[in-house]
Each structure stands twice: as structure tokens, then as C-alpha cells.
Amino acid sequence: MVLNKLNKFIEAQPSLELRKVDFYMQLLDRIHFLLHKHMNGKQKELADALGVSEAAISKLMNGVKNIETENIFKLEEVFGEPIITVVEEVKSKRYSKKV
């Protein structure tokens, strides 16, 4: 019964909204993975590395606070790995010099 209601709710959502939710969940999954890989899952270590409170990291990791682009870059610096990968073909076309 509850599952049927959930499925109906999901079907009623615009596809763009579902894509946004899916993207955000993948983003959080990646950050969780990197946090466990590099800091044994310790949010306190990440907070110290970023110079923010542990509460701020908790809000970010639980989806209470949206992740800003600048914070994604900071996280990539701390982890030493990309969080989001853009297709190289698109990047090279966008940033190549016109002759």
C-alpha cells in the first residue's frame, strides 16, 4: 500500500526534478565514499580540513544544506580526487582557443 503511494508520487514528479534529486544523491554518495576512503568516515577531520564546524559538515552530508560549487572544489582539494567528472570532449571544445 505505502509502496504504491510512493510509486504514484514518483511518477507524478516532473522528470527534471527527479533528475535533480538523483544527481544530488549521487553527489552525496561520492562525497561519503571519499570521506570513508580518505578520513575513515570522520566528519570532524573533514570539518577541520575545510575550516568549518562539524555541524556544517553534518548538514551538508545529510542533505540539509545544498552543496555550492565552491564547496565541491574545496572538497576535491581536500580529498585529492574529483567529485564530479565532466566529459573531456565537452570541456576541450568549450575551452579550446579559436584560431
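**Figure 1. Helices α4 and α5 at the second largest pocket of a predicted model**. Helix α4 spans residues 54-61. Both α4 and α5 supply at least two residues each to the lining of the second largest pocket. The pocket has a volume of about 180 Å³. Its lining consists of Leu50, Val52, Ala56, Ile57, Leu60, Lys65, Asn71, Lys74 and Leu75. By class, six of these residues are nonpolar, one is polar and two are charged.

**Figure 2. The largest pocket and its lining**. This pocket has a volume of about 220 Å³. A set of 11 residues lines the largest pocket. Nearest its centre lie Thr69, Ile72, Phe73, Ile84 and Val86. Which helix gives the most to the lining of the largest pocket? Helix α5, residues 69-79, does, with four residues. The lining divides into six nonpolar, two polar and three charged residues.

**Figure 3. Packing of helix α2 with helix α5**. Two packed helices are described by the angle between their axes and the distance between the axes. Helix α2 covers residues 15-39. The axes of α2 and α5 come within 10 Å. They cross at roughly 25°. Angles under 35 degrees count as roughly parallel, so α2 and α5 are roughly parallel to each other. The crossing of α2 past α5 is left-handed.

**Figure 4. Residues in contact between α2 and α5**. From α2 come Leu27, Ile31, Leu34, Leu35, His38 and Met39. They meet Ile72, Leu75, Val78 and Phe79 in α5. This contact has nine nonpolar residues, one polar residue and no charged residues. Ile72 is among the residues nearest the centre of the largest pocket. Leu75 is one of the residues lining the second largest pocket.

**Figure 5. Packing of helix α3 with helix α4**. Helix α3 runs over residues 43-50. The axes of α3 and α4 come within 8 Å and cross at roughly 110°. Angles of 65 to 115 degrees count as roughly perpendicular, so α3 is roughly perpendicular to α4. Helix α3 passes α4 in a right-handed crossing.

**Figure 6. Residues in contact between α3 and α4**. Helix α3 contributes Gln43, Lys44, Leu46, Ala47 and Leu50. Helix α4 contributes Glu54, Ile57, Ser58 and Met61. By class, the contact has five nonpolar, two polar and two charged residues. Leu50 and Ile57 also line the second largest pocket.

Methods. Residues are numbered from 1 along each chain as its sequence is written. This is a predicted model: local features need pLDDT of at least 70, side-chain atom pairs count only at pLDDT 80 or more; totals for chains, interfaces and linings use all residues. Side-chain values use heavy atoms; hydrogens and water are left out. On a 1 Å grid over the protein atoms alone, a cavity is a set of points where a 1.4 Å probe fits but cannot get out, and a pocket is an open set with protein on both sides within 12 Å along at least five of seven lines; lining residues have an atom within 4 Å of a point. Grid points are joined across faces, edges and corners, and a volume is the space filled by probe spheres set on the points. Ala, Val, Leu, Ile, Met, Phe, Trp, Tyr, Cys and Pro count as nonpolar, Asp, Glu, Lys and Arg as charged, and the others, Gly among them, as polar. Axes are lines fitted to C-alpha atoms, for helices over the stretch in contact, and angles run from 0 to 180 degrees between N-to-C directions. Angles under 35 degrees count as roughly parallel, over 145 as roughly antiparallel, 65 to 115 as roughly perpendicular and the rest as oblique. A crossing is left-handed if the near helix is turned anticlockwise from the far one by less than a right angle, and right-handed if clockwise. Contact means heavy atoms within 4.5 Å.
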